[in-house]
Amino acid sequence: MSHEIEPPDIAMHADPRALRQILVNLLSNALKFTRSGDEVTVTAKHHGAAAGEAGGDRVRIVVADSGIGIPEEFQKSVFLPFNRGPESADKEGGTGLGLSLVKSLTELHGGTVTLQSIEGAGTTVTIDLPATPPNIGASAD
């Protein structure tokens, strides 16, 4: 497992328990579905909004693995509650709530979550969160 944090003193306003739960769920899935000897990486980077994009400064967290991946036909439903994917892939069980909670907690923070996966080659989940909540720094009229 490897990680990269840029800048090293990255900071953001978020509920620490919710952020911890997001990371635990993503890392748990990545490790569960990654074969011995394969790679899991975590990166966190601070970046500004792209041209024409609302939302200001963001923090992007990416959890990527080189594991078994998710079949394309299951990718659209992975964020639904109680969805466990193909039974053959999920030998360790679980409730099917991990990615659903990731999506809900991310959206409650004003963020977005995306998933890219290739069956047999791995999965990448990207979380984009505002560095500051929308109401911080707003002027009072």
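Colleague: Which residues are buried in helix 3?

Modeller: Before answering, please keep in mind that this is a predicted model, in which helix 3 covers residues 98–108. An α-helix has 3.6 residues a turn, so residues three or four places apart point the same way. The buried residues of helix 3 are Leu-99, Ser-100, Val-102, Leu-105 and Thr-106.

Colleague: Is Ser-100 buried or exposed?

Modeller: Ser-100 is found in helix 3, and, when its neighbours within four places in sequence are left aside, Ser-100 is in contact with Phe-79, Leu-80 and Pro-81. Its relative accessibility is 9%, and a residue has to be under 20% to take the label in question. Because 9% falls under that limit, Ser-100 counts as buried.

Colleague: Which residues have the most contacts inside the largest nonpolar core?

Modeller: The largest nonpolar core has 23 residues. Two or more residues each come from helix 1, strand 2, strand 3, helix 3, strand 4 (112–118) and strand 5 (122–130), and helix 1 gives the most, with five residues. As one example of how these elements meet, Leu-26 touches Val-63, Leu-99, Val-102, Val-125 and Ile-127, not counting residues up to four places away in sequence. Inside this core, the residues with the most contacts are Leu-26, Ile-61 and Ile-127.

Colleague: Why is Asp-128 counted as buried?

Modeller: Asp-128 has its place in strand 5, and its contacts, leaving aside neighbours within four places in sequence, are His-47, Arg-58, Val-59, Arg-60, Thr-106, Gly-111 and Thr-112. The label itself rests on the accessible area and needs a value under 20%. Asp-128 is counted as buried because its relative accessible area is 11%.

Colleague: How many residues line the second largest pocket?

Modeller: Rolling a probe the size of a water molecule over the atoms shows where empty space is left. The second largest pocket has a volume of about 190 Å³, and at least two lining residues each come from strand 1 (2–6), helix 1 (16–32), strand 2 (40–47) and strand 3 (58–65). The residues of this lining divide into 10 nonpolar, two polar and one charged. Ile-5, Ile-10, Leu-23, Ala-44 and Ile-61 lie nearest the centre of the pocket, and the number of residues that line it is 13.

Colleague: How far apart in space are Leu-23 and Val-63, C-alpha to C-alpha?

Modeller: Leu-23, one of the residues nearest the centre of the second largest pocket, sits in helix 1 and counts as partly exposed at 26% relative accessibility. In sequence, Leu-23 and Val-63 are 40 residues apart, whereas in space, from C-alpha to C-alpha, their separation is 8.4 Å.

Colleague: Is Pro-8 buried or exposed?

Modeller: Pro-8 is found in the loop between strand 1 and helix 1, and its C-alpha is 9.2 Å from that of Ala-44, although the two are 36 residues apart in sequence. The relative accessibility of Pro-8 is 77%, and the label for a value over 50% is the one that applies. Pro-8 therefore counts as exposed.

Colleague: Which residues is Thr-41 in contact with, leaving aside its neighbours within four places in sequence?

Modeller: Thr-41 lies in strand 2 and is partly exposed, with a relative accessible area of 25%. Thr-41 and Ser-2 are 39 residues apart in sequence, yet their C-alpha atoms are 4.8 Å apart in space. With sequence neighbours within four places left aside, the contacts of Thr-41 are Ser-2, Val-62, Val-63 and Ala-64.

Colleague: What percentage of the residues in the protein chain is buried?

Modeller: The protein chain has three helices and five strands, and its accessible surface comes to about 8,600 Å², of which 55% belongs to carbon and sulfur atoms. Of the 141 residues in the chain, the buried ones make up 33%.

Terms used
Residues numbered from 1 in each chain as written. Predicted model: local features only at pLDDT ≥ 70, side-chain atom pairs only at ≥ 80, totals over all residues. Heavy atoms only, no water. 1 Å grid on protein atoms, 1.4 Å probe; cavity = no way out; pocket = protein on both sides within 12 Å on 5 of 7 lines; lining within 4 Å. Points joined across faces, edges and corners; volume = space filled by probe spheres on them. Helix = DSSP H or I, 4+ residues; strand = E, 2+ residues; numbered from the N terminus. Nonpolar A, V, L, I, M, F, W, Y, C, P; charged D, E, K, R; others polar. Buried < 20%, exposed > 50% of the residue type's maximum accessible area, 1.4 Å probe, protein only. Areas by Shrake-Rupley, 256 points an atom, 1.4 Å probe, with all protein chains shown as cover. Contact = heavy atoms within 4.5 Å. Core = buried A, V, L, I, M, F, W, Y, C linked by side-chain atoms within 4.5 Å.
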